[in-house]
Amino acid sequence: MKHSSALILDSIYFKVPELSILEGAYLEAQSGIITAIIGRNGSGKSTLLKIAAGQIRANPGITIIDGERFHNKSLNKRYRKIGYLPQDSMLPADISVKRLIKNLPASDKLNEDPLLQRIFNQKVVQLSGGEKRYLEVAMLFSFERKYILLDEPFTGVEPTIIDLIIDRIRDEAKNGKGILLTDHMHRYISEVADKGYLIHNKQCYNLARNFTQELKKMGYLK
Amino acid sequence: MIVYLAQKYIIYSTVFFVGLVIFPLGFFDNTEYVIVRGFFFGGIFGGVYTFYDFKKRNLWPLYDNLRYPKYLILFTCFIGFQSLYFLIKPFI
């Protein structure tokens, strides 16, 4: 089967009262490949990721993960295959990093991470935005899921930590994970992604390998 | 993380329980009835409040990522909270 090892969002429509956000969007993220979604504010990038992660329902639309079709949210089934990093932090502020990591399935891996060792005894509320983001990304990659959806992993993060996150993303893609990410920092996105989509006019347009040129052509960059 | 959710549920439900018991005790004679009702409605309101509190704080995606069934955990917490009645029954 052609798409047996891919996460596909097919014919996705999504509207909120009096505003249509997506109209028949199609997107495909293959395993072992880093796929980027680029678009203006409010174009529907995060909405697409939320639909893929079952956080909201498309009306209508279908998510296909490795050939299995999901019409409903089906969270338990979806999260066997995917890990999802939301745009806003998903960590409880009043818990220590040590306690958080201890409760995770692959805590041994995370305990060995030098950056996480530095913040081990702090509470989540005491972490900087970048440290929190790195912790979330490291947690997601420790879950052993086939597809990882990252919604703005670089926003508010210092360049050295962005480099660490990019290295992590590349390593995981080499290990066969499919990464679907979106961010406004197009320089980093262009550097790391193998494949890209631009959301324009409520649709997903497949970008050629040289993102920057094509984004300029489509009026996304000056 | 299940313990964290249970802790929050117990705290919120206890607050509702206290509110639902202390106020009506001034009006009703039947203490046992008021306490049983306090546990039941305290458990329900606590569950609803916990759900919306976690939603507001964007914590549910973490539980989804961990593949923890949130509704089942909340229901189990509710049942556990009801069983606390049997602990305090001898003192009523």
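This is a predicted model: local features need pLDDT of at least 70, side-chain atom pairs count only at pLDDT 80 or more; totals for chains, interfaces and linings use all residues.
How much space lies in the second largest pocket? About 200 Å³.

**Chain B on its own**

- Chain B has four helices and zero strands, so if you read from the N terminus on, the elements simply go α-α-α-α.
- Taken along the principal axes, the C-alpha atoms of chain B fill a box of roughly 50 × 25 × 15 Å.

**Where chain B meets chain A**

- The contact draws on 16 residues from chain B and 25 residues from chain A.
- Ten residue pairs are in polar contact across the interface of chain B and chain A, counting pairs with both residues at pLDDT 80 or more.
- Two helices of chain B, α1 (2-25) and α3 (60-65), each supply at least two residues of the side that touches chain A.
- By class, the residues on that side of chain B come out as eight nonpolar, three polar and five charged.

**Salt bridges**

- Searching the whole structure turns up 14 salt bridges over all chains, and the count between chain B and chain A is two.
- Why does the Lys8(B) and Asp94(A) pair count as a salt bridge? Because the N to O distance of 2.7 Å falls within the 4 Å cut-off.

**The largest pocket**

- About 480 Å³ of space lies in the largest pocket.
- Its lining has 22 residues, and those nearest the centre are Gln55(A), Lys55(B), Asn58(B), Trp60(B) and Pro61(B).
- In chain B, α2 (31-56), α3 and α4 (70-88) each give at least two residues to this lining.
- Which element provides the largest share of that lining? That's α2(B), with four residues.
- Sorted by class, the lining of the largest pocket holds eleven nonpolar, four polar and seven charged residues.

**The second largest pocket**

- Back to the pocket from the opening: the second largest pocket is lined by 14 residues.
- Nearest its centre you'll find Ser43(A), Ile199(A), His200(A), Asn201(A) and Lys202(A).
- The elements giving two or more residues to this lining are β2 (19-30) and β9 (195-200) of chain A.
- Six nonpolar, six polar and two charged residues make up the lining of the second largest pocket.

**The cavity**

- How many cavities of 30 Å³ or more are there? The count is one.
- The largest cavity contains about 70 Å³ of space.
- Its lining takes in 13 residues, with Ile51(A), Ala58(A), Thr63(A), His71(A) and Arg78(A) nearest the centre.
- That cavity lining splits into six nonpolar, four polar and three charged residues.

- Asn59(A) and Pro60(A) are joined by a cis peptide bond, with omega about -10 degrees.
- Pro60(A) can be found in the loop between α1 (45-52) and β4 (62-65) of chain A.
- Asp66(A) isn't a glycine, yet it has a positive phi of about 50 degrees.
- Look for Asp66(A) in the loop between β4 and β5 (68-70) of chain A.

Notes:
Residues are numbered from 1 along each chain as its sequence is written. Chains are lettered from A and ligands numbered from 1 in the order in which they are written. Side-chain values use heavy atoms; hydrogens and water are left out. Contact means heavy atoms within 4.5 Å. A salt bridge is a side-chain nitrogen of Lys or Arg within 4 Å of a carboxyl oxygen of Asp or Glu. A polar contact is a pair of N or O atoms within 3.5 Å; within protein, one must be able to donate a hydrogen and the other to accept it, and residues adjacent in sequence count only if both atoms are side-chain atoms. Ala, Val, Leu, Ile, Met, Phe, Trp, Tyr, Cys and Pro count as nonpolar, Asp, Glu, Lys and Arg as charged, and the others, Gly among them, as polar. On a 1 Å grid over the protein atoms alone, a cavity is a set of points where a 1.4 Å probe fits but cannot get out, and a pocket is an open set with protein on both sides within 12 Å along at least five of seven lines; lining residues have an atom within 4 Å of a point. Grid points are joined across faces, edges and corners, and a volume is the space filled by probe spheres set on the points.
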